[in-house]
Amino acid sequence: MNYARRLAALPAGRRAKWIVLAVWIVALLALGPLSGKLSSALDNQTSSWLPGNAESTKVLNLQGQFASTEAVPAVVVYTRDGGITQADLAKATADAAAFAKVDHVVGPIAPPHASADGKALATSVMIDMSKGGWNNLGPAVDSIRATATAGDPGLTAHIGGPGGSGADQSKAFAGIDGTLLYSTLGVVIILLLLTYRSPTLWLLPLISSGVALTAAQAVIYLLAAHAGLTVNGQSQGILTVLVIGAGTDYALLLVARYREELRRHEDRHEAMAEALHRAGPAILASAATVAVSMLCLMVAQMNSTSGLGPVCAIGVAVALLAMLTLLPALLVICGRWVFWPVKPTYGSVEPTETGIWARIGGSIGRRPRIVWIGTTLALGALALGMFSLKADGLSTAGSFTDKPDSVTAQTVIDGHFPAGTGSPLRVISSAASANQVVAALNTLDGHGLTGVTPPVVRGGYAYTTATLTSAPDSSTAENTVDAARTAVHAVPGAQAVVGGDTAVRLDVQRAANHDNQVIIPLVLVVVLLILGLLLRAVVAPIVLILTVVLSFAAALGISSLAFQHLFHFEGEDNAFPLFVFVFLVALGIDYNIFLMTRVREESAKHGTRAGALAGLAATGGVITSAGLILASTFGVLGTLPIVGFAEIGFAVCLGVLLDTFIVRSVLVTALAMDLDHRLWWPSALGRGLNRSLTAAKGVPAAASEAADR
């Protein structure tokens, strides 16, 4: 027995299994309390989401020279159907004084000002986000709303602007860890019960996934608290889904191989040792593919994207460790009874050899070339929907699946005040050049800007604002930002930077485009290299990569049409294509790894065409179950009232299902049969040496000949 085999067999040892269990129990006791602290370590400040070197981020960082480091305006807007009265003005004035006493509200509050049509009043309130991030917004906005809505019911009040929108987003993310965790666990429990049809077996993968999630959260908390790792609400939510989904997938593959080996080995310890030796490399390669793909996100310009990479990589690594150590120990400790009522007895027939996937493989084998060409054309047709994709960002209203108060407020503001009210352009420059910068901004008065304020000078810097005449989330406003930047950059020695909400939107869009162009090719190269090392071939990895990319394109095409015509979303988030690509390629390639490692194993014995049939028959059921579970866990993201999450969840769910039922089971199998031994070029299998093996064996050769027919 070689070193690798002995290492793989360690968790299945007669004494070692108890040591493994004890180590995990001690680790859980130590890490459990730390796991619960992850929410307190989240960094949801605006700058933690934005491109690090963007002008808008620099403005946020420099605002501390003038006020709280991150103070955002919430706009309280009052309306009355018959027009604003003097009593309404008096109430709004009194409210403004009360707002100043609310926790996290900073700076003097200007008196309310009336709209030109006399039907609305607006008060701007600055809310400090420097310490608690957007966690400060919800309580502050709730207190402001309670004051503003008290009194005459004929006077309506809504809270909009960046502060109101941020508060609504904060509420949408509130309890994200609990909501996603319980929803994901519920889905996984149901699917495991249906998969195993056992009242006990499902507990072991679930326990292992739960332990992995707890350990991963604790490790990430320690890194966030003491090593500067950035974790926000987005990465926390995706971590939950990824660890449970991917961990359960690895568990399904291991359990399936263990059950298969229990029919060949009387001793369960030997059966598990062989299962780990055979399935371990595929699980390890799968996890490595996902983890390394996630780490590729670290080169992103977007802070939220680059921070997501190490968080997900840590989650996958811990899930892998749990599924290759804790789960095997638990399975061996429990014994065969855990499979009740269908226990795999020694010497019994392996049911997958004559199951539904064996029959599907036989059907594909009759005309593999026609099958793969037809499947490719069908997926290509579905991918045409990509041309309707509008991944250039979402407006404030389009960011929510419902219509929160901030969206209503913005509609009122747009109807009665200049479109940019509450979301001004913010410019910071050197104090010596303040007047020249203001003069440069005034050249745009009437051409996208209005109301340029006198500069405030402090600490060597000057700060001024201007109101956009177009809606802050419009392309016209973005063009105005570019014009303003051109104007102030031309001032010698000013070192002026232009920020504000519209500038943030523009910088995010450009950073997302950069990230798409850099990270997508990088992930493809990384995955290709891992597949090449695993399969020891060149042709097979290229084929697998092409099939997964086709699956991604088809999922994107269908999703784009669904978002427009079924869900009626206004478009897609900037990061949507990148996130969907990374998750689908990294996770979708899992199933190809599971299939192709088994096909390669069988090809060495029986030839590639028969090996493809045997590989599909052996892995079809478990990969289908794994795909359903992973798709469902990502589908849980749709329970959040945030369009960006709903879109990612839908597209990844759809892509995983396409990959599971069509790409992996039909397209890849047909290609393997048609390419035959050429699939493994330039290895020995690729030179046709498996044919001599086939010819020397009776039954396998017959199977190969049947596949050829």
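H568 is exposed, with 61% relative accessible area, where exposed means over 50%, buried under 20% and partly exposed in between (1.4 Å probe, protein chains only). The backbone of H568 has a positive phi of about 60° although the residue is not a glycine. H568 belongs to the loop between helix 18 (539-565) and helix 19 (576-606); helices (H or I, at least four residues) and strands (E, at least two) are DSSP runs, numbered from the N terminus.

The model is a predicted one, in which local features need pLDDT of at least 70 and side-chain atom pairs count only at pLDDT 80 or more, while totals for chains, interfaces and linings use all residues. Residues are numbered from 1 along each chain as its sequence is written, and side-chain values use heavy atoms, with hydrogens and water left out.

Further backbone features occur in other loops. Q495 is not a glycine and yet has a positive phi of about 50°. Q495 lies in the loop between helix 16 and strand 10 (497-499), and its relative accessibility of 72% makes it exposed. Two cis peptide bonds may be considered next. The bond from W340 to P341 is cis, with omega near 15°, and P341 is placed in the loop between helix 11 (303-334) and helix 12 (356-366). W681 and P682 are likewise joined by a cis peptide bond, with omega about 10°; P682 sits in the loop between helix 21 (643-675) and helix 22 (690-695). Most residues other than glycine have a negative phi, and most peptide bonds are trans.

The interior is described by its nonpolar cores, a core being a set of buried Ala, Val, Leu, Ile, Met, Phe, Trp, Tyr and Cys residues joined through side-chain atoms within 4.5 Å. The largest core has 156 residues, and those with the most contacts inside it are Y250, Y258, M272, M294, L331, M596 and F634. Leaving aside neighbours within four places in sequence, M272 is in contact with A12, L254, Y258, P328, L331 and V332, contact meaning heavy atoms within 4.5 Å. Another core, of 23 residues, lies apart from the largest one and includes V76, V102, A148 and A157.

W24, in helix 2 (residues 16-35), is buried at a relative accessible area of 11%. With residues up to four places away in sequence not counted, W24 touches V211, A215, L321, A322, T325 and L326. N516 belongs to helix 17 (residues 501-535) and counts as buried at 16% relative accessibility. Under that same exclusion of residues up to four places away, N516 touches P521, N574, P577 and L578.The sheet pairings can be followed from strand 4 (residues 120-128), in which seven of the nine residues are buried. Strand 1 (residues 71-79) pairs with strand 4 in the antiparallel sense over nine bridges, two strands being paired if DSSP finds at least two bridges between them. A71 stands opposite D128 in this strand. Strand 3 (residues 113-114) is also antiparallel to strand 4, over two bridges, and H113 stands opposite A122. Five residues separate strand 3 and strand 4 in their hairpin, and G118 in the turn has a positive phi of about 70°.

Strand 9 (residues 461-468) is mostly covered, with six of its eight residues buried. Strand 6 (residues 425-430) pairs with strand 9 in the antiparallel sense over six bridges, and V427 has T464 as its bridge partner. Strand 8 (residues 456-458) is antiparallel to strand 9 over three bridges, where R458 is partnered by Y461. The hairpin of strand 8 and strand 9 has two residues between the strands, and G459 takes a positive phi near 60° there.

Finally, the axes of helix 15 (residues 434-442) and helix 16 (residues 475-489) come within 9 Å and cross at roughly 140°; axes are lines fitted to C-alpha atoms, for helices over the stretch in contact, and angles run from 0 to 180 degrees between N-to-C directions. V437, A440 and L441 of helix 15 meet A484, A487 and V488 of helix 16 in this contact.
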